[in-house]
Amino acid sequence: MYYARGFRFTLLLLISVSCWSCSNRNTREEVVSNFESDIKAFMLEFIEETNVPGMGFGFYSDSLGTVISVVGKSDIENNIPVERNTLYPIQSTTKFFLAIVTLQLIEEKEFTLESTVDQWFDGLPNSENVSIRHLLQHTSGYNNYQDNSEFNDEYYSNTSKEYSRKDFINAGLAIPYNLEDFGSHKYSNTNSLILAEIIETTTKHSIAQEFRQRIFEPAKMKDTYYMPESSDDTKQIIKCYRDGLPID
């Protein structure tokens, strides 16, 4: 279903840009206006079908320039709309950051792609064969902690409890390991958590510090932060930080 929506969205984008590129009858303003209307209609349909409170879209081309459109709420309880400068949780974008830091550490000869996880962990299944490469490629065979229904039930029902990264890793490892999965692609957040532990052990810095020093500051990403925060407000989809503190 999501692939179909993505295809529709891409097709809409291509058609809009093509109309501007191939037609002399429409002014740029008309094309941008129609494009914005089509995008907004698509986003409104998407958040209605998926029960997402709000979302934003940004696009740039040399012909159309910058097009930004937002719909919905950033905070349902307080009726706060999504704005053009609203900040969003970066979620699994951190996997890209994690890969960048990993490759930088490999360049610095801290470890290699073939270094196995038994150098950092005791008791992980098949740890003598699972390498940094397997963690990055999601071919370790380790199960996603989100597939542990018992852990999920506890996590979502007990919002006052604080969890460490190792709690999530252990939730994934609690699912029996199947050696036949080793070497085959199997998307699992547990891989990233194990890799984060390896990076912190190696650098003696937190992942937040490594992201800041190696990525955010060099790239001048002034409004991007890595600061996991637990919250029992499941309606609030946007956590914004500036100078390391939540924005009220």
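Helix 3 (residues 93-107) has 15 residues and should span 21 Å at 1.5 Å a residue; its end C-alpha atoms are 22 Å apart, so the two values agree. The expected span is 1.5 Å times one less than the number of residues, and helices are DSSP runs (H or I, at least four residues) numbered from the N terminus. The model is predicted: local features need pLDDT of at least 70 and side-chain atom pairs count only at pLDDT 80 or more, while totals for chains, interfaces and linings use all residues. Residues are numbered from 1 along each chain as its sequence is written, and side-chain values use heavy atoms, with hydrogens and water left out.

**Helix 3**

- Thr94, Lys95, Phe97, Leu98, Val101, Thr102 and Leu105 are the buried residues of helix 3; buried means under 20% relative accessible area, exposed over 50% and partly exposed in between (1.4 Å probe, protein chains only).
- These residues cover an arc of only 160° around the axis, which puts them on the same side of helix 3; the arc is taken from the directions from the helix axis to the C-beta atoms.
- Exposed Phe96 and Glu107 sit on the face of helix 3 turned away from its buried side.
- The cover over the buried residues of helix 3 includes helix 4 (132-137), helix 7 (189-203) and helix 8 (207-216).
- Lys109, with a positive phi near 65°, follows helix 3.

**Nonpolar cores**

- The largest nonpolar core has 28 residues, and Val117, Leu135, Ile194, Ile198 and Phe211 have the most contacts inside it.
- Such a core is a set of buried Ala, Val, Leu, Ile, Met, Phe, Trp, Tyr and Cys residues joined through side-chain atoms within 4.5 Å.
- Helix 7 supplies the largest share of this core, six residues.
- Phe211 touches Thr94, Phe97, Leu98, Val101, Phe216 and Tyr226 (heavy atoms within 4.5 Å), not counting residues up to four places away in sequence.
- Another core, of 13 residues, lies apart from the largest one and includes Val31, Phe35, Ile47 and Val71.

**Salt bridges**

- There are seven salt bridges, each a side-chain nitrogen of Lys or Arg within 4 Å of a carboxyl oxygen of Asp or Glu.
- Glu197 pairs with Arg165, the closest N and O atoms being 2.7 Å apart.
- This pair links helix 7 and helix 6, with the partners 32 residues apart, and both Glu197 and Arg165 are buried.
- Arg214 and Glu210 meet in a salt bridge (2.4 Å, N to O) and lie four residues apart in helix 8.
- Glu108, Glu210 and Arg214 form a network of salt bridges.

Note on methods. Helices (H or I, at least four residues) and strands (E, at least two) are DSSP runs, numbered from the N terminus.
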